[in-house]
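Subject: Structure handover

Hello,

Here is the structure I said I would pass on. My notes on it come after the display.

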Amino acid sequence: MTYIVTDNCIKCKYMDCVEVCPVDCFYEGENMLVIHPDECIDCGVCEPECPAEAIKPDTEPGLESWLKLNTDYAAKWPNITTKKEPPADAKEFDGVDGKLEKYFSPNPGEGD
C-alpha cells in the first residue's frame, strides 16, 4: 500500500502534507502535488493533514488512475519538502468536480 494524491489537490495545493512527511516523498506540479509511491513508507501522517482531503490510500477502490498519475509525475516534477503558501483562490476550488479534466497542469512546480 501507498498513499496517493487525488483530484481535489488540483488548484488547492495546501502543502500541509509536505511538512509532516518523514521521507520527503512529495513532488510539486504547477497546481498540485503528487506522492512518489516507491518512496512512500505508508505511515499515513500526511492523510489527516490535508485540508482538501485529497490524500488517500491506494487500496481504496477506483484509484488506479491516480496511482499511475502520481507515479508518472513524481518522476518528472521536483521534490518539495517545505510548505509554501497555497494559491490565493484555493478555497474556491476545494470540492469542485471535474478538476482533472478542467484544471490539471502537467507542468512542474518550483520544488525546494
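Please bear in mind that the model is predicted.

Helix H2

Helix H2 covers residues 64–74, and its buried residues are Trp66, Leu69, Asn70, Tyr73 and Ala74. Viewed down the helix axis, these buried residues fall within an arc of 115 degrees, so they line one face of H2. On the face turned away from the buried side, H2 carries the exposed residues Glu64, Ser65 and Lys68. The cover over the buried residues of H2 includes strands E1, E2 (26–28) and E3 (33–35), together with helix H4 (99–103).

Two residues elsewhere in the chain touch the buried set. His36, in the loop between E3 and E4, is in contact with Ala74, and also with Cys25 and Tyr27, once neighbours within four places in sequence are left aside. His36 counts as buried because its relative accessibility is 15%, against a cut-off of under 20%. Pro106, in the segment after H4, touches Tyr73 and Trp77, not counting residues up to four places away in sequence. With a relative accessible area of 45%, Pro106 is partly exposed. Pro106 and Tyr3 are 103 residues apart along the chain, and their C-alpha atoms are separated by 20 Å.

Cysteines

How many disulfides does the model have? The count is zero, with a pair of cysteine sulfurs required to lie within 2.5 Å. For Cys40, the closest cysteine sulfur is that of Cys25, and because the separation is 4.7 Å, it is too far for a bond. For Cys46, the closest cysteine sulfur is in Cys40, at 6.2 Å, which is also too far for a bond. Both side chains belong to buried residues: Cys40 has a relative accessible area of 14%, and Cys46 is at 7% relative accessibility.

Cavities

There are two cavities of 30 Å³ or more. The largest cavity holds about 80 Å³ of space. Its lining consists of 16 residues, and those nearest the centre are Cys9, Tyr14, Met15, Cys17 and Cys50.

Lys13

Is Lys13 buried or exposed? Lys13 counts as buried, because its relative accessibility is 7%. Lys13 sits in the loop between strand E1 (3–5) and helix H1 (16–20). The side chain of Lys13 reaches the backbone oxygen of Gly29 at 2.9 Å. Leaving aside neighbours within four places in sequence, the contacts of Lys13 are Glu28, Gly29, Glu30, Asn31, Met32, Leu33, Pro86 and Pro87.

Backbone angles

Most residues other than glycine have a negative phi. Lys13 has a positive phi, near 40 degrees. Glu53 has a positive phi as well, near 55 degrees. Glu53 lies in the loop between E3 and E4, and at 58% relative accessibility Glu53 counts as exposed, whereas Lys13 counts as buried.

Gly62

Gly62 is in the loop between strand E4 (55–57) and H2. Its relative accessibility is 52%, so Gly62 counts as exposed, the cut-off being over 50%.

Regards

Note on methods:
Residues are numbered from 1 along each chain as its sequence is written. This is a predicted model: local features need pLDDT of at least 70, side-chain atom pairs count only at pLDDT 80 or more; totals for chains, interfaces and linings use all residues. Side-chain values use heavy atoms; hydrogens and water are left out. Helices (H or I, at least four residues) and strands (E, at least two) are DSSP runs, numbered from the N terminus. Buried means under 20% relative accessible area, exposed over 50%, partly exposed in between (1.4 Å probe, protein chains only). A polar contact is a pair of N or O atoms within 3.5 Å; within protein, one must be able to donate a hydrogen and the other to accept it, and residues adjacent in sequence count only if both atoms are side-chain atoms. Contact means heavy atoms within 4.5 Å. The arc is that of the directions from the helix axis to the C-beta atoms. On a 1 Å grid over the protein atoms alone, a cavity is a set of points where a 1.4 Å probe fits but cannot get out, and a pocket is an open set with protein on both sides within 12 Å along at least five of seven lines; lining residues have an atom within 4 Å of a point. Grid points are joined across faces, edges and corners, and a volume is the space filled by probe spheres set on the points.
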